[in-house]
Amino acid sequence: MSNSAAPRRPLPTSPFKVRAEAPLKRFAVGDRVTHDQYGLGQAIGVEGDGDIAVLVDFGTRQERITRPFAAMFKL
């Protein structure tokens, strides 16, 4: 057996093919969002390019939501 330096490529029909990464969620100030735990809100501040953390006003409280934004969606 020889160890090849070339990376392994999965076959296109393989059930074990590499999953494509989901695009990063980016938010901007003023975006309307919904969060699974906090409900509807509006982004009032962003850190970085909107991909590090987002400060969201949910009406009764303000929360800083960090990456990954799995529970938050842009409306």
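F58 counts as buried in this predicted model. Its relative accessibility is 9%, and the cut-off for buried is under 20%. Y38 is partly exposed, with a relative accessible area of 24%. These residues form an aromatic pair, Y38 with F58. The pair is tilted, with 5.2 Å from centre to centre and 35° between the planes. Y38 lies in the loop between β1 and β2 (39–47), and F58 lies in the loop between β3 and β4, so the pair ties together parts that are 20 residues apart in sequence.

How many aromatic pairs does the whole structure hold? A search finds 2. F27 and F69 form an edge-to-face pair, 5.1 Å centre to centre, with 85° between the planes. This pair links distant parts of the chain, 42 residues apart. F27 sits in the segment before β1 (32–35), while F69 sits in the loop between β4 and β5. Both F27 and F69 are buried.

Now to the core. Nonpolar side chains tend to be buried together in soluble globular proteins. Here the largest nonpolar core has 9 residues, including F27, F58 and F69. V33, A43, V54, V56, I65 and M72 also belong to this core. Beyond its sequence neighbours within four places, F69 is in contact with several residues, among them F27, I52 and V54.

Next comes the sheet. Its 5 strands follow the order β4-β3-β2-β1-β5, with antiparallel pairing, and the sheet is open. β4 (62–66) and β5 (72–74) stand at the edges with a single partner strand each, so one side of each has no neighbour in the sheet. Neighbouring strands are turned by 40° against each other on average, direction ignored. Strand β3 (residues 53–57) is joined to β4 by 5 bridges. L55 has R64 in β4 as its bridge partner.

Terms used: Residues numbered from 1 in each chain as written. Predicted model: local features only at pLDDT ≥ 70, side-chain atom pairs only at ≥ 80, totals over all residues. Heavy atoms only, no water. Pairing = 2+ DSSP bridges. Helix = DSSP H or I, 4+ residues; strand = E, 2+ residues; numbered from the N terminus. Axes fitted to C-alpha atoms, helices over the stretch in contact; angles between N-to-C directions. Core = buried A, V, L, I, M, F, W, Y, C linked by side-chain atoms within 4.5 Å. Buried < 20%, exposed > 50% of the residue type's maximum accessible area, 1.4 Å probe, protein only. Contact = heavy atoms within 4.5 Å. Phe/Tyr/Trp six-rings, centres within 6.5 Å; stacked < 30°, edge-to-face > 60°.
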